[in-house]
Amino acid sequence: MIEREADVDPGETVPDSVIPRGQLPPLRWRDLPDPVPLKAMIGPSVMLAGLALGSGELILWPYITYKTGFIFFWACVLGVTTQYFVNLEIERWTLATGESAITGFCRQSRHWAGAFLFLNVVPWMIPAWAKGGASIVCWLIWPETAGTPGGAALTWLSIGGLVLCGLVLTAGPVVYETVEKIQLVLVSLIMVIVVILAAAMVRADAVGAMLAGLTSVGQLPPFDEQIHPGLLLGALAFAGAGGTLNLGQSNYIKDKGYGMGRYIGRITSPITGREEPVAEFGYHFPHTPENLARWRQWWRATCIEHFLSFFVTCIVCLTLLTLLAYSIFYEPDGTLKPGLPAFKDDLAFVWAEAQAVDAQWGGIPKFAFLLMGLATLLTTEFGVLDLTSRISTDIVKVNWLEDQPRWSESRLYYLFLWGTIAMGALILLVGEEKLSAFAMFKLSSGLNGAVMFLYCATLLYLNRRRLPADLRTPWWRALWLAWGILFYGGFAAWVVYELVAK
């Protein structure tokens, strides 16, 4: 953990000619802290990558590969690359001010507060990962159910998974440190198992098919009841973390102590932790040669850390898991193996992958595959509960409760955490027979895909117009944000058109 100063001296306020205060109190002057070694920065991007593993990497992209081969894989790689550059622009504002990106949005207009609170709560309260993880537990306990158990056992295991995640987040004294330790272990476990399974099972023809798919830029898969624009939008959103979770990267680096985030307090457990003083609004540094030199070092290290921890992790897992699915479901001549079921409404295709691993290599590799799936879904549900609660807390505290010391960040965080768990449990109880885990994945991913073009546009304005010239987004990075607006906005508009047409 990066060492931080205990006392926060607010100093003088930053004039609007440097960074406009907008509709929130002005920032205050402080020198930019000295950069730290790259190894001390590891954590936030690994945690974000862990959030990406449980939906796009494990579920949606292998499913699309099963249905259509690699014809759309070019968009997967483009989606991860786009998120890499978008995430760095989310981090830019926090490095420069210590504030989250959403606080920066609210400086422009407080209307963003209600919009992003809604967009942060509704898509992520769907407990898709808890139900998916519970499905795998059921397969391990009752393999004779052919991978499709249901009923009360699945529902209560799903609720138990939500409650377990909540208890772990409540027990740790400093929430960020608890999440970082758990996510690092789970992501490392997932990577090791994926690499071993892929090395054992991926065929050379699968690699050739993937490389051919990468050259089919612009091509779309044929549509049917399962493959439709909404699913593709969700898959693009989840080729990475997706939705408002990308915005939470600024909350993670703030708690880790990147840049000016070192002057902002952290969320602690009301039971086991000691509450830290938290500054709702940020700081900025005088543009002296020393501070600007530190800024360049911070920015360079941030880009490297995010590339290695987020981009490489996502690309490796997406590539290997889709290659594994292709090798399992396709013949060497590129045709689907005969006798495969439709895999329409549940995670049965994941169970089919496990059975194929079992048939070729035996029970231990099959167990490792299911363990990898369980760890993947667990790390995602755990991270979703944590990060959405952080984002909601940030929005509510800054915009509506800044003068209410009784409602500290820690108290608000746990209110949102257990409120989300309660809503997830209610959805599981009411929708037990109506919503399969896979249906929940598709619904959550589609809702989050529509969010992303909105904050790409807002980031472009924030970092190009509100930051000083020395720090603002250069034109070539601004092109990536503009591309994100077109990329996600185009697919979102397509989905809306399809819905209206129907």
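Two cavities of 30 Å³ or more were counted in the predicted model, a cavity being a set of points on a 1 Å grid over the protein atoms alone where a 1.4 Å probe fits but cannot get out. Grid points are joined across faces, edges and corners, and a volume is the space filled by probe spheres set on the points. The second largest cavity holds about 50 Å³ of space. Its lining (residues with an atom within 4 Å of a point) consists of N120, V121, W124, M125, T388, S392 and T420. Helices α4 (111-121) and α13 (363-400) are the elements that each give two or more residues to this lining. By class, the lining has 3 nonpolar, 4 polar and no charged residues; Ala, Val, Leu, Ile, Met, Phe, Trp, Tyr, Cys and Pro count as nonpolar, Asp, Glu, Lys and Arg as charged, and the others, Gly among them, as polar.

Residues are numbered from 1 along each chain as its sequence is written. As the model is predicted, local features need pLDDT of at least 70 and side-chain atom pairs count only at pLDDT 80 or more, while totals for chains, interfaces and linings use all residues; side-chain values use heavy atoms, with hydrogens and water left out.

The mean pLDDT (the predictor's confidence in each residue, from 0 to 100) is 85 for the chain, and 88% of the residues reach 70 or more. Over residues 1-10 the pLDDT is below 50, and this stretch has 33 contacts (heavy atoms within 4.5 Å) beyond near neighbours in sequence. Where pLDDT is low, the predicted coordinates should not be read in detail.

The secondary structure comprises 16 helices and 2 strands, taken as DSSP runs (helices H or I, at least four residues; strands E, at least two) numbered from the N terminus. Of the 502 residues in the chain, 58% are buried, meaning under 20% relative accessible area with a 1.4 Å probe, protein chains only. Leaving aside residues up to four places away in sequence, N87 touches L48, N246, H306 and F310.

The structure holds 25 aromatic pairs, defined as rings of Phe, Tyr and Trp (its six-membered ring) with centres within 6.5 Å; planes under 30 degrees apart count as stacked, over 60 as edge-to-face and the rest as tilted. The pair F487 and Y488 is edge-to-face because the ring planes lie at 65°, with the centres 5.1 Å apart. F487 is buried at 4% relative accessibility, and Y488 is buried at 1%. Ring pairs also link Y84, F85, F307, F311, W476 and W480 into a cluster.

Key: On a 1 Å grid over the protein atoms alone, a cavity is a set of points where a 1.4 Å probe fits but cannot get out, and a pocket is an open set with protein on both sides within 12 Å along at least five of seven lines; lining residues have an atom within 4 Å of a point. Buried means under 20% relative accessible area, exposed over 50%, partly exposed in between (1.4 Å probe, protein chains only).
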